[in-house]
Amino acid sequence: MKNYTDTYQYKGLRKQLVDQLRKKGITDENVLTAINNIPRHFFLDSAFSKIAYEDRAFPIAEGQTISQPYTVAYQTQLLEIKPYDKVLEIGTGSVYQASVLAEMGAKVFTIERQKKLFEQNKLFIFKSKYPNIKFFYGDGFEGLPTFAPFDKVIITAAAPYVPPKLIQQLKTGGYMVIPIDLGPFQQMLRLTKLADGTYSEERFENFSFVPMLEGKSGN
Ligand code: SAH
């Protein structure tokens, strides 16, 4: 069950969360404003409403998670989102990360490999608020060649390697933010696509994600 009532109490908790993110080093005011505007408890089972604004990940359906707000803020900040950026997201999950991007004015193309999550997301509460999110059921390793090229690509699951097709679908000068699996944790990388089709690489902090898996799951 979901709780779709926003209250002053939840708004206050959100503001506290934003203050925490600022203290942890998030400086992009557009990211912080988006997080302040979006009721994260709408994306979780109502059992989690009271703790939805703690800076931690929570379970959603199908053994998956909604990423920690710090992780969402960190990845979004690295993307340097501008209005109308065309962004490919791998791992729709709860749609929270996609909503942050949409709130910032990006055109979001998001792929989920789990059929049940994809089906649930058809009932997404903010469908009319964020017509700039397009949902796809598929394998993120394949990307969306029909809609390429993208200004930015964000992967929200632990990637075993840099998916070559996603590099192909990135514009020259575009960014891919990807947590690369190093075993016990994942290191956040920002890749910049170069004119010759290769990419340069910057390395950031370590995080923990659910795995990016090959192929689609029919349930
Ligand atoms: N961005 C999400 C985080 C969800 S966790 C949020 O804000 O809630 C990661 C998600 O990636 C899971 O839903 C998982 O099913 C999905 N996933 C894993 N491998 C994938 C792949 N190859 N293609 C698409 N989605 C994938």
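**Entry 1: a tyrosine to start from**
I began with Tyr130, which has 4% relative accessibility and so counts as buried (under 20% relative accessible area; over 50% is exposed and in between is partly exposed, with a 1.4 Å probe and protein chains only). I noted that this is a predicted model, where local features need pLDDT of at least 70, side-chain atom pairs count only at pLDDT 80 or more, and totals for chains, interfaces and linings use all residues. Residues are numbered from 1 along each chain as its sequence is written, and side-chain values use heavy atoms, with hydrogens and water left out.

**Entry 2: aromatic rings**
I searched the whole structure and found 20 aromatic pairs. Rings of Phe, Tyr and Trp (its six-membered ring) pair if their centres lie within 6.5 Å; planes under 30 degrees apart count as stacked, over 60 as edge-to-face and the rest as tilted.

One of the pairs is Phe109 with Phe147, tilted, at 5.2 Å centre to centre and 45 degrees between the planes. Phe109 sits in strand S4 (residues 107-112) and Phe147 in the loop between S5 and strand S6 (150-155), so this pair ties together parts 38 residues apart in sequence. I took strands (E, at least two residues) and helices (H or I, at least four) as DSSP runs, numbered from the N terminus. Phe109 is buried at 10% relative accessible area, whereas Phe147 is partly exposed at 33%.

**Entry 3: Ile133**
Next I looked up Ile133, in strand S5 (residues 133-137). Ile133 is buried, at 5% relative accessibility. Beyond its neighbours within four places in sequence, Ile133 is in contact with Val95, Ala98, Ser99, Ala102, Val108, Thr110 and Phe124; contact means heavy atoms within 4.5 Å.

**Entry 4: the whole chain**
Finally I stepped back and found 6 helices and 9 strands in the chain. Of its 219 residues, 53% are buried. Residues 24 or more positions apart account for 56% of the contacts with a separation of 6 or more. I also noted that the C-alpha atoms fill a box of roughly 50 × 40 × 35 Å, taken along the principal axes.
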